[in-house]
Amino acid sequence: MKIFRNFFDSIKPHFEEGGKFEKLHPAYDAFETFMFVPAHTTTSGAHIRDAIDLKRTMALVVFAMLPALLFGMYNIGYQHFVQLDEAYTFWDAFLYGAGKVVPFIVVSYGVGLGIEFLFASIRGHQVNEGYLVSGMLIPLIMPIDVPLWMVAVAVVFAVVIGKEVFGGTGMNLLNPALTARAFLFFAYPTFMSGNKVWVSNPDGVDAISGETILGSLAQGVSAIGPDAVAPRSYSALDAFLGFIPGSIGETSTLAIIIGAFILVYTGVGSWKIMLSALIGGSLMGMIFNGFAVNELMATPWYEHLVIGGFAFGVVFMATDPVTASQTEKGKWIYGFLVGFFAIMIRVFNPAYPEGIMLAILLMNVFAPLIDHYVVQANINRRLARLKTAKVA
Amino acid sequence: MSKDIRIRKGLDIAMVGAAERQILPTVQPDIFKIKPSDFYAVTPKLLVKEGDEVKVGTPLFYHKDIPSVYFSSPVSGEVVGVDRGAKRALEALRILPDKEQKYLKFDVPAESAFTADGVKKAIIDAGLWFSIMQRPFSVVANPSDSPKAIFISGFKSDPLACDLSFVLEERKEAFEMGLKALQHLSDGGVHLTFHADSKAPELNLGSARVHQHTINGPHPSGNVGVQIHHIDPINKGEVVWVVDPQHVAMIGSLFITGEVHMEKIVALSGSQFNETGYLWALPGAPMDALLKDRLKSGETRVISGTVLSGTTEGQEGALGFYHDTITALPEGNYSEFFGWAAPGFAKFSNSRAYFSWLSPKKQRDIDTHMHGEKRAFVVTGQYEEVFPFDIYPVQLIKSIMIGDIEAMENLGIYEVAPEDFALCEVVCTSKIAVQKWVREGLDLVREETM
């Protein structure tokens with residue numbers, strides 16, 4: 001590490017005031033602080049600090065996503081070979097999937113961080129760590145057969161309109177990864193909905209049906225459970241473990257639960273949001289089960305939790321602290337409504353079989369309102385106390 | 001009516017170097033440095049000049065906004081220097097102490113003759129009024145106010161802070177007399193709070209105007225602001241007075257002896273001390289005398305006050321008027337190779353983000369490293385974990401950042417002081433200078449409402 005320390009120290013003057021690359025100081029700073037936590041000591045207020053910082057927090061979230069990512073890589077290969085009815089080994093499937101997924105990650109981080117560096121240089125502030133997480137989330141919520149240029153365009157939209165326009169990390173209203181996904185959903189609808197993109201089908205072979213469980217259910221054809229009639233159908237256990245078609249990282253509820261455990265245990269993700277979303281979604285599923293008139297409504301409430309992107313969205317997207325409710329009481333309400341609306345949108349609107357994305361975006365917009373009323377209750381308590389004090 | 005308060009939010013930071021319960025030999029400094037900046041929001045108007053002889057109790061300067069309030073000298077000797085800074089602001093008064101200290105004699109009422117006005121006048125005339133601070137705003141109190149009550153926190157829960165149960169044992173008589181005097185200053189009497197786990201001193205006050213309470217829970221249970229919030233919260237327009245226990249003893253000693261005795265028992269704590277312990281010292285005592293031969297080698301941060309809210313004094317500084325702890329910590333100015341990615345078995349954290357969660361109770365040798373750089377608010381729920389008030393801390397800070405005075409008032413700015421937010425500042429992932437913001441907010445509201 002001495003080599004790196006000496007390297008950074010030696011090139012530093014070029015990036016400081018008067019240096020040739022003065023404008024690129026944020027880029028130098030980003031790389032330097034990535035490799036070395038800077039030698040800053042406390043200058044005001046408390047003399048000691050907690051060792052946690054934003055880089056550690058982001059690193060933990062990425063770490064929590066690794067089970068879903070690794071399983072997703074395997075599953076992409078698995079679905080491809082199974083639907084083609086070809087023989088395959090574990091490594092065949094994994095390497096095939098990895099070969100398809102890694103380009104997504106490279107494009108996502110490359111384009112996203114490139115834009116962040118650009119904005120930081122123009123505005124003259126440090127590159128913030130927010131994109132470290134969004135950069136991994138975006139590939140995980142993409143269907144596998146989406147062209148890479150589309151991913152790049154979506155990343156540009158998400159980082160510029162979804163984040164930088166509001167002031168950067170910590171200031172955004174909407175979850176950036178979901179903004180990317182929603183952009184693709186509305187800008188290239190024929191690509192994102194339907195059944196063409198969910199299983200890797202580079203040669204466009206007919207044998208591969210890219211249909212997801214939700215896609216089938218939306219058409220009134222049950223693809224899950226003992227009464228499934230779709231040509232490709234799955235058991236609830238398949239869905240829980242993740243051996244189903246879907247976006248890259250969303251299929252395995254088990255891998256997501258491992259990630260959830262990591263997030264909650266380290267204190268990085270809010271268990272209140274996760275739990276209340278689970279309750280909200282289950283409740284809505286139960287209500288629909290009570291009045292079922294079509295396949296979607298009849299889907300048992302617990303199956304709703306393991307199909308589609310519900311689990312992934314609840315654990316990794318709804319818990320984004322900047323866009324969720326920021327008061328502890330508000331988080332219960334916010335989480336509950338995310339789960340509630342996710343299932344409602346999923347069932348009521350066949351054109352949007354995946355309701356979790358829209359439910360989270362909707363609640364992102366309403367989170368400040370929820371917080372406002374929670375804080376207002378506190379203010380009213382204080383004013384009431386003032387009134388009794390004056391009267392007394 | 002005595003209250004038993006229980007708080008769950010907060011954090012006890014286990015640090016190496018707590019002061020051992022032993023009284024170390026006193027030091028005789030050869031120069032004293034009196035800093036008016038110890039008294040926040042006081043513009044000092046000088047009453048002495050270079051070459052003047054002062055006794056203990058001689059007024060050195062007065063409060064520009066409240067001219068009746070004097071600040072008297074803790075030592076007798078000759079004024080050898082008046083240091084001025086930018087815009088001729090009075091930075092320090094240097095006094096060469098006499099070998100034998102000379103004390104001014106003040107006319108103080110006897111205990112049986114205590115009245116509100118008599119006690120007040122005696123404290124003001126002796127120049128000890130600075131001992132009485134007010135909430136809201138956490139500044140020196142104004143004698144013409146009528147406070148709702150007087151609050152005294154009988155212990156300090158800050159990490160490595162002075163153990164007042166030890167101190168009050170030594171100063172019991174003066175402390176009792178101080179309470180007997182102070183109870184006359186407010187119709188609401190005095191609220192004295194001790195921690196449920198420690199043995200509160202047996203006080204015979206024979207009075208119904210001193211209410212004793214207990215509080216149980218982690219730091220900041222020792223902060224008087226937390227105690228006020230749970231006993232009788234401050235509403236807009238109300239004023240309460242707060243006094244530190246060793247200042248109560250100072251006032252008591254005034255009424256017992258008729259002289260000003262500002263000596264405190266000061267804790268020397270922190271991992272950079274060779275030997276920790278307690279020391280009798282006067283405010284203004286220079287650090288180099290107090291710390292002589294006591295520190296280990298290596299870069300040290302010398303703090304007058306506690307780790308959470310003290311001021312960096314360095315070896316050339318002096319003990320502050322309100323401080324009874326001197327903390328010496330190792331400086332943390334080293335860069336860490338991939339520090340944020342390390343397993344971190346020994347890193348101090350309130351979260352479980354590092355593997356230090358495996359040894360939660362272990363005392364750690366924490367240094368002054370920032371561990372990161374300043375960012376915008378990102379993580380939520382962190383401040384609330386260590387902030388035992390019915391106040392929304394992040395929303396309050398945000399209202400201060402945008403200067404929205406009405407929002408600040410609505411969210412409870414009148415009830416807080418910067419020290420109440422010290423733990424929020426320690427655990428903040430985004431390294432926001434929380435205490436500085438709170439001080440700014442308090443100043444803004446104070447100036448608007450003056």
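Reader: Which residue is the bridge partner of B:P44 in β5(B)?

Author: The model before us is predicted. In general, the strands of a sheet pair through backbone hydrogen bonds, in either a parallel or an antiparallel manner. In this case, B:H63 of β5(B) is the bridge partner of B:P44.

Reader: In which sense do β3(B) and strand β5 of chain B pair, and over how many bridges?

Author: Their pairing is antiparallel and extends over three bridges, with β5 of chain B covering residues 59-63. Both strands belong to an open sheet of three strands in chain B, ordered β3-β5-β6 with antiparallel pairing.

Reader: Why is one side of β3 and of β6 of chain B left without a neighbour in the sheet?

Author: β3 (44-46) and β6 (70-72) of chain B are at the edges and have a single partner strand each, so one side of each lacks a neighbour in the sheet. From one strand to the next, the twist averages 35 degrees.

Reader: Turning to chain A, is A:T212 buried or exposed?

Author: Residues under 20% relative accessible area count as buried. A:T212 is buried because its relative accessible area is 13%. A:T212 lies in the loop between α8 (189-192) and α9 (213-218) of chain A.

Reader: Which residues does A:T212 touch, leaving aside those up to four places away in sequence?

Author: With those set aside, A:T212 touches A:W198, A:P245 and A:G246.

Reader: What domains does the assignment give for chain A?

Author: The assignment gives domain 1 (2-35), domain 2 (53-200 + 238-247) and domain 3 (270-392). Between domain 1 and domain 3 of chain A, the C-alpha centres are 45 Å apart.

Terms used. Residues numbered from 1 in each chain as written. Chains lettered and ligands numbered in written order. Predicted model: local features only at pLDDT ≥ 70, side-chain atom pairs only at ≥ 80, totals over all residues. Heavy atoms only, no water. Domains from an automatic or database assignment. Helix = DSSP H or I, 4+ residues; strand = E, 2+ residues; numbered from the N terminus. Buried < 20%, exposed > 50% of the residue type's maximum accessible area, 1.4 Å probe, protein only. Contact = heavy atoms within 4.5 Å. Pairing = 2+ DSSP bridges. Axes fitted to C-alpha atoms, helices over the stretch in contact; angles between N-to-C directions.
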